[in-house]
Amino acid sequence: MCLAIPALIKSIDGHQAEVDIDGVTRQASLQLTPEAKVGDYVLLHTGYAINVIDPVEAEETLKLLKELSEVY
Amino acid sequence: MKFIDEYHNPELGKRLIDRIHHHSTKPIRLMEFCGGHTVAIFKHGIRQLLPTTIDMLSGPGCPVCVTANVDLDKAIALARLPNVIITTFGDMLRVPGSYSSLQLAKAERSDIRVVYSVQDALGIARDNPDKSVIFIGIGFETTAPTIAASILQAEQEGIDNYYVLPLHKLCPPIMKALLDLGEVRLDGIICPGHVSAIIGSYPYQFIPDDYGIACVVSGFEPLDILLCVDRLVNQIETGQYKVEIAYLRGVKPEGNKHALKLMGTVFEVCDANWRGVGLVPLSGLRLNKRYQRFDAERSFDIDPGPTHEAKGCICGSILRGVSTPQDCKLFRRSCTPEHPVGPCMVSSEGSCATYYHYGDSYGR
């Protein structure tokens with residue numbers, strides 16, 4: 001029910017965005033994420049972007065995963 | 001797929017599992033609150049990969065499953081009214097209420113339409129000005145702001161035939177209620193990722209502070225979950241209980257302030273009925289005075305009649321983590337995904353449906 005998937009914003013018209021989900025184009029509402037801009041990835045839940053994905057944090061988490069997996 | 005594939009690296013996963021085996025010395029019990037996590041854990045076989053010191057339990061984080069019969073019956077009663085179109089997410093359709101379901105009501109010619117988004121429900125209201133269009137508003141904090149946005153949009157556009165049956169529920173209060181019941185000893189909680197995308201991590205602070213229980217917000221990919229379990233084990237082994245976020249690409253400690261503001265504009269907190277738990281104080285959302293005209297329950301005269309619980313169904317105790325689906329005499333016998341008796345077998349993220357599809361990942 002609380003499923004949300006990453007979607008790439010291709011264009012924005014007011015509160016509506018056209019997003020790309022692994023090659024599939026859908027409409028998404030940006031009413032909950034007015035700060036989102038073209039080129040951002042958002043977490044898409046039932047047609048609404050509920051957050052902008054932070055690419056820096058995504059990279060940091062991958063670094064942490066690698067560090068932890070090497071340290072016992 | 002970007003932001004998903006990177007978190008499916010099997011080599012990294014294997015090393016993390018080795019690390020967890022190395023660090024986990026004492027027997028602990030973790031609960032994943034969210035049904036989405038339950039599915040991910042079973043789908044990726046994570047329970048089997050963890051050391052025997054770690055016992056995993058599924059919690060009440062499936063909105064369809066926790067909706068009480070009394071509320072399901074209201075949705076079915078609304079569906080039977082003339083000139084009404086019910087709009088709902090698909091997983092509500094087959095959930096049995098006391099004596100019927102939305103699916104049966106649809107077979108009896110009620111106009112019930114499955115929507116992917118509440119935006120679609122608004123569109124149906126726009127296209128059918130002579131009908132009352134009611135959206136069955138289930139969901140946790142992830143979904144509630146989308147409903148709030150739809151109500152504000154309906155007001156702005158002057159769509160006056162759009163209504164919501166508000167059955168939204170809040171996660172931190174039910175976590176507290178379960179911990180206060182004290183039926184299940186827990187050492188750590190895997191906190192819901194997308195609920196936390198909205199509410200942030202601060203609302204969980206009472207869990208380490210008042211109950212001495214480890215608390216980590218997790219994403220939904222296998223490496224996200226392993227990272228979360230590693231952090232929980234670390235907190236428990238070192239005795240340093242706190243709220244951590246292991247899903248920082250999607251969750252900020254303060255949550256989504258804009259979404260919270262929209263929720264605060266339209267809703268107010270109220271007591272709510274949870275399957276298996278009963279009335280939990282301040283654990284739900286209803287429309288506030290200014291937006292009550294969108295409330296379907298207030299706007300239509302319905303009499304859902306007395307409620308009735310299915311004989312033998314133990315969904316309630318499964319949702320509290322007291323029982324597992326295998327404890328239920330109906331599981332895989334009279335209760336299957338094709339013929340569900342209880343809601344946990346209907347929803348794709350219900351514990352019973354997950355156990356049915358993936359088996360008990362402990363190999364039992």
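Colleague: How many residues of chain B are in contact with chain A, and how many of chain A with chain B?

Modeller: A general remark to begin with: the size of an interface is often given as the accessible area lost when the parts come together. Here the reading is by residue contacts instead. In this predicted model, 44 residues of chain B are in contact with 31 residues of chain A.

Colleague: Which elements of chain B give two or more residues to the side that touches chain A?

Modeller: They are α1 (10-23), α2 (35-43), α4 (63-66), α7 (118-127), α8 (144-157), α10, α12 (222-238) and α13 (257-266) of chain B. The largest share, 5 residues, comes from α1(B).

Colleague: How do the residues on that side of chain B divide by class?

Modeller: The side of chain B that touches chain A has 23 nonpolar, 13 polar and 8 charged residues.

Colleague: Turning to chain A, which elements does it have, and in what order?

Modeller: Chain A has 1 helix and 5 strands. From the N terminus the order is β-β-β-β-β-α.

Colleague: What span should helix α1 of chain A have, and what does the model give?

Modeller: Helix α1 of chain A covers residues 55-70, and at 1.5 Å a residue its 16 residues should span 22 Å. The end C-alpha atoms are 23 Å apart, which agrees.

Colleague: Which residues of α1(A) are buried, and where do they fall around the axis?

Modeller: The general idea is that an α-helix has 3.6 residues a turn, so residues three or four places apart point the same way. In this case the buried residues are A:Ala58, A:Thr61, A:Leu65 and A:Ser69. Seen down the axis of α1(A), the buried residues fall within an arc of 65°, so they line one face of the helix.

Colleague: What covers the buried residues of α1(A), and which exposed residues does the face turned away carry?

Modeller: The cover includes α1 and α12 of chain B. The face turned away from the buried side carries the exposed residues A:Val56, A:Glu59, A:Lys63, A:Glu67 and A:Glu70.

Colleague: Is A:Val24 buried or exposed?

Modeller: A:Val24 has 8 other C-beta atoms within 10 Å, so A:Val24 is exposed. This residue is found in strand β3 (residues 24-29) of chain A. A:Val24 and A:Ala7 are 17 residues apart in sequence and 9.5 Å apart in space, C-alpha to C-alpha.

Colleague: Which domains does the assignment give for chain B, and how many residues are in contact between them?

Modeller: The domain assignment gives domain 1 (5-49 + 172-245) and domain 2 (65-170 + 257-299) of chain B. Their C-alpha centres lie 31 Å apart. In contact are 9 residues of domain 1 and 13 residues of domain 2. On the domain 1 side, α9 (171-181) and α10 (193-199) of chain B each give two or more residues, and the largest share, 5 residues, comes from α10(B). By class, that side has 8 nonpolar, 1 polar and no charged residues.

How values were computed
Residues numbered from 1 in each chain as written. Chains lettered and ligands numbered in written order. Predicted model: local features only at pLDDT ≥ 70, side-chain atom pairs only at ≥ 80, totals over all residues. Helix = DSSP H or I, 4+ residues; strand = E, 2+ residues; numbered from the N terminus. Domains from an automatic or database assignment. Contact = placed C-beta atoms within 7 Å. Nonpolar A, V, L, I, M, F, W, Y, C, P; charged D, E, K, R; others polar. Expected span 1.5 Å × (residues − 1). Buried ≥ 20, exposed ≤ 12 C-beta atoms within 10 Å, placed from the backbone. Arc of directions from axis to C-beta.
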